[in-house]
Amino acid sequence: MHTVAVLALDQVIPFDLSAPIDTFGWARLPDGRAAYRIRVCSASADEEVNAGPFALRAPYGLEALAGADTIILPGVADPTVPLPPGVAEAVRAAAANGTRIASICVGAFVFAATGLLDGLRATTHWIAAQDLAAMYPAVTVDPNVLYVDNGQFLTSAGAAAAMDMCLHMIRKDHGSAVAAHTARMSVMPLEREGGQAQFIVHDQPPVPAGTTMEPLLAWLEENAADDLTLEDIATHAGMSTRTLNRRFREQTGTTPLQWLHRARVRRAQYLLETTTYPVERIATQAGFGSPTAFRERFKRVVGTSPYAYRRAFQGSGGESAAASGPAAAAS
């Protein structure tokens, strides 16, 4: 039987620990047998592990990693804390023997600390992506995807993306039928539309108060729905387009039109989340020239379509869906 070892380090994030245990635990082979043997390990089997709201004692220590087919590295509350003695060595030894290793959420920091991700593409929770890239510059960090599969080594994005990655591994191990059954038991789609990019909060670059661009940025925000050109913005700012581009980039790190596009996407996200307006109306109110231009820009920035974004972020669809109840959902 395929053995999955889940490594619970001190300050382990409870969801990161439980998600792979539950997802792999739901997997059943066609004859009904469990597809995986799951072992929870810690840096030392006889020591208590702090898991935030509770503590636990893992029945296995680092020695269990050597006998695992897959090792899961959950995140910890402070991913900058150095690894306990022996952890990196045990993980690297397992990797040298061909063991598949996967990290969950900020568990990518644990993974990267072993050096095994050097030169590879990886992901983590979008809010920690910049920190991961800064701490481990040899790792190519992609914050836009739900998971990255490098073959032997995998990394998942934040929180629920752990289940996407686990289902992906189950499908590779046992085929689509076993993975689909596991997804149904987990009340989870086998594949989700869009990546982690749709969850990222796309803030504008911070601009220090009192800078010369501050009044212009406020004007752009107020007039984002208008059909503005670079020349229009430069005229309002009272400078040439070349000077505007140079000063704008110096103070914001981007160009006026890129900043404007991002402001329009943010407005469209808000309208998709809070209204039932058709896409054509949102395209107009957000300042895009046409629904086609809106869809293309939205997909480029957010990583999914406006329709899929609305379906994901309006939850049950607001008051109208809540009032319709399960009977309407079944029709």
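The model is predicted, so local features need pLDDT of at least 70 and side-chain atom pairs count only at pLDDT 80 or more, while totals for chains, interfaces and linings use all residues. Residues are numbered from 1 along each chain as its sequence is written, and side-chain values use heavy atoms, with hydrogens and water left out.

His-168 is found in helix H5, residues 161-174 (helices are DSSP runs of H or I, at least four residues, numbered from the N terminus). Show Asp-149 next, whose side chain makes a polar contact with that of His-168 at 2.7 Å (a pair of N or O atoms within 3.5 Å, where within protein one must be able to donate a hydrogen and the other to accept it, and residues adjacent in sequence count only if both atoms are side-chain atoms).

Move on to helix H6, residues 176-185, and colour its buried residues Val-178, Ala-179, Thr-182 and Ala-183. They lie on the same side of H6, because they cover an arc of only 140 degrees around the axis, taken from the directions from the helix axis to the C-beta atoms. On the other side of H6, Ala-177 and Arg-184 are exposed. Display helix H1 (14-26) and H5 as well, since both are included in what covers the buried residues of H6, where contact means heavy atoms within 4.5 Å. Just after H6, stop at Val-187, which takes a positive phi of about 55 degrees.

Terms used:
Helix = DSSP H or I, 4+ residues; strand = E, 2+ residues; numbered from the N terminus. Buried < 20%, exposed > 50% of the residue type's maximum accessible area, 1.4 Å probe, protein only.
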